[in-house]
Amino acid sequence: MRTGAIAAVTMLAMTLPGSAGQEQTLPGGARWSAEVPANWNGTLLLYSRGYSPSAGNPDAAPKQHRQALLDAGYAIAGSDYGSGGWALEQAVPAQRATLAAFAAKHGKPKRVIAWGSSMGGLVSTALAEAKGSGIDGAAPMCASIGGSLGMMNMALDGAYAFRTLIAPDAGIRVTGIDDDRVNGKRVADALAEAAKTPQGRARIALAGVLAGIPDWTSRDKPQPAATDYTAQAAEIAKSFVMGVYLPRTDQEARAGGTFSWNTGIDYRTQLARSGRRAMVAALYRDAGLKLDTDLATLNAGQRIAADPKAVAYMRANYTPNARPLVPLVAVQTIGDGLTAPAMQRGYAQAARGDVKSLYVNAAGHCTFDTATVLATIRYLDTRIATGKWPQTPAAFVPHQPAPMLRPCWRGGTCR
């Protein structure tokens, strides 16, 4: 941030009334809030919220974790980005301005940890990769850490397969969607009908695997056995609509066109890369379908090309470079059906920097309990303070998710 901008934030923060926790306004129009406990340990947690259609409230932390973080001695802060939707272009400068406003009002923290959930994890990752961001470490949780291009290309593959093989005449759009909710309703109706037959369930599973949906997504059910393909297919189906037909309308409007593509993609190769061909093949055999025939249909279908200008916009504003400049710990449940764990694996494999990738033996999107959040923050805080990663907390388990099938990094190539 330029010196003049910091001065403007400083003057505004000094002249606004109110105690910690009350909302205040940044020069760009975004709102921010913060709370500092009496036993502040010197570390500030900068929270970035996930996707929301509207800007909402400038929460300094999720409500269910707020008091525990304060009780542990952490100061908390966050902003509303000044915009709803996929507002990464606005979120990063708003969060940086929040840090300057916090320092002007409460004093400079000893350490700053950027953390966030879902889209907010991507915001935290962007801060970790930016020079002079003012943070000392980042903890993206249940994050879209693979970036919008890679994430949405995987989703496109699943959406394309579903429409082509299951509902070609249902009016379902894959890109150029005028209303995400209306389109999602069409998908949900077609999915419910397809799920009534073994053939439909097999094809849903294929589409879900291409999109990277894991084979466990229900928070209230145990993880299916490794060879219980029927149960795995049911888990994929439960998260299919929200995990594959992700909100595109806002992103395409911001980018100025279609930014996802499947030109040049060989779906036989993609399925082989997934490591889950055996599951899909078994479901196809049980349904009396020929998997090779459906893969040939996908490869012969009409492809979707991207607008280069839209891709350039998304690459500049929504795509990580996997080169964090501060220690970063990414945390994910092994059964997240909305932000695929495959994305965290992809980032960790591509990363050059001090990166840890941790998994929780649970399912659901952003379902971490407070103990896990605290364990994550303390783990990273210790690394920043001592220069070494401590022993991995007991809250995490060894795990290797399916690979990210459409990796795409800023400054690198996209598959």
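Okay, let's start with two helices, α8, residues 229-238, and α12, residues 277-287: their axes come within 10 Å and cross at roughly 100 degrees. Angles of 65 to 115 degrees count as roughly perpendicular, so that's what we call α8 relative to α12. Oh, and keep in mind that this is a predicted model.

So who's touching whom here? On the α8 side we've got Y229, T230, Q232, A233 and I236, and they meet A278, M279, A282 and L283 in α12. Sort the residues of that contact by class and you get 7 nonpolar, 2 polar and no charged ones.

Now a second pair. Helix α7, residues 198-211, packs against helix α13, residues 291-300, at an angle of about 55 degrees, and the axes are 12 Å apart. That angle makes α7 oblique to α13. The crossing of α7 past α13 is right-handed. From α7, the residues R203, L206 and L210 meet L291, D294, L295 and L298 of α13. This contact splits into 5 nonpolar, no polar and 2 charged residues.

Right, on to the cores. The largest nonpolar core has 57 residues, and which of them touch the most other members? That's I135 and F259. Helix α3, residues 88-106, gives this core its largest share, 8 residues. If you click on I135 and skip residues up to four places away in sequence, you'll find it touching L99, V112, A114, L127, A128 and V326.

There's also a second, separate core of 42 residues, including L156, A202, A237 and L295.

Conventions
Residues numbered from 1 in each chain as written. Predicted model: local features only at pLDDT ≥ 70, side-chain atom pairs only at ≥ 80, totals over all residues. Heavy atoms only, no water. Axes fitted to C-alpha atoms, helices over the stretch in contact; angles between N-to-C directions. Helix = DSSP H or I, 4+ residues; strand = E, 2+ residues; numbered from the N terminus. Parallel < 35°, antiparallel > 145°, perpendicular 65-115°, else oblique. Left-handed = near helix turned anticlockwise from the far one by under 90°. Contact = heavy atoms within 4.5 Å. Nonpolar A, V, L, I, M, F, W, Y, C, P; charged D, E, K, R; others polar. Core = buried A, V, L, I, M, F, W, Y, C linked by side-chain atoms within 4.5 Å. Buried < 20%, exposed > 50% of the residue type's maximum accessible area, 1.4 Å probe, protein only.
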